[in-house]
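Here are my notes on the model you sent over.

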Amino acid sequence: MKWHVYLAVIAALLFLMLYSVTNYHGHYPSLDTFYNEPEKYAGAIAENCGMMVDETSDGFILRAGVNKILVKYNQTSLRYPVLGTVCVLGAYNDGFIDAEAVRLNDFIFVKYFISFLAFLYVVFVFFREWKITKKGFRLR
Amino acid sequence: MPDWIAHILIGLILIEIFNLKPKSLILIGVLLPDALIKIELFHVLFPFPKYLFMWLFQPFHAPIGMALFTVLMLPFFRYNKAKTYGLLAVGWISHLVFDLTGRHLMQGQNLFLFPFSWTNIELGWLWADEFYKLDVIFLIMLLAVLGYKKFRNK
């Protein structure tokens, strides 16, 4: 394949990445979106997943990305996820999320760990079939 | 959505049913859509700009991004280009198809028609923490396929 084809593919991918990262706020607003433009996105309903870092009297503190926010959720059954994360669906308000639904992803860290083991298996199979040469990978 | 064990089991099932070789190309393809987008998972360890990375790499979890990215992988393999592309594509197509089983409160990562549509398409069968169900199902399926092939070759 000619070099200009690869160049065109790289350009197309860069365009898609740029388009995605600059337009997602309007489609899937996140905590970042809200912190950047709180007035514009006040009342917007969104899903945010992250770590439950603290419990409060009326909910809990969610850390999603680099930001933390209070999630107001009055359920007596609320607890910390076991080896996992928490996902919150709710409306942004001034300084907090009014949660409609909360989902605890128990043991999702186990999923990440066994997925890493699966990755190691693929690496093992790959290098059993291919060897590295100066011109790229060749079948053994 | 399924974990990587489930995705790899699906890849191995396809390899066994259709006698696909070299099988590592399928297995690489199977993990390819998640390779970049999962960088966002660092957010579970420490404060990390997960949304920036998630959306920056979202195109790689969509057919159009994968179709383009696979082209960039071809020069790294001294092997039949069409076959390399085809095997990698079988892998990532199976990944994207089986990610449809996922269930979210609102927002998934299956933007099949990106960049023409931002609609997340999913069947909504399994929450992210129910990954083990598909592991068991696909392991049984793989063992059944291997058992059948062994029985037939006797």
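The points below cover the domains, the barrel and the contact between the chains.

1. First, a reminder that this is a predicted model. Chain A is assigned two domains: domain 1 spans 5–106 and domain 2 spans 109–139. Going by C-alpha atoms, the centres of domain 1 and domain 2 of chain A are 33 Å apart.

2. Next, the barrel in chain A. Five strands close it in the order E1-E2-E3-E5-E4, with mixed pairing. On average, neighbouring strands of this sheet are turned by 50° against each other, direction ignored.

3. For one pairing in that chain, look at E1 (residues 45–56) and E4 (residues 85–93) of chain A, which run antiparallel and are joined by six bridges. If you want a spot to check by eye, A:Ala46 has A:Gly90 of E4(A) as its bridge partner.

4. Now the two chains together. In all, 51 residues of chain A are in contact with 44 residues of chain B. On the chain B side, helices H1 (4–18), H2 (23–37), H3 (50–56) and H4 each supply at least two residues. That side of chain B comprises 33 nonpolar, six polar and five charged residues.

5. The crossing of H1(A) past H4(B) is left-handed.

Methods: Residues are numbered from 1 along each chain as its sequence is written. Chains are lettered from A and ligands numbered from 1 in the order in which they are written. This is a predicted model: local features need pLDDT of at least 70, side-chain atom pairs count only at pLDDT 80 or more; totals for chains, interfaces and linings use all residues. Domain bounds come from an automatic or database domain assignment. A crossing is left-handed if the near helix is turned anticlockwise from the far one by less than a right angle, and right-handed if clockwise. Helices (H or I, at least four residues) and strands (E, at least two) are DSSP runs, numbered from the N terminus. Two residues are in contact if their C-beta atoms, placed from the backbone, lie within 7 Å. Ala, Val, Leu, Ile, Met, Phe, Trp, Tyr, Cys and Pro count as nonpolar, Asp, Glu, Lys and Arg as charged, and the others, Gly among them, as polar. Two strands pair if DSSP finds at least two bridges between them. Axes are lines fitted to C-alpha atoms, for helices over the stretch in contact, and angles run from 0 to 180 degrees between N-to-C directions.
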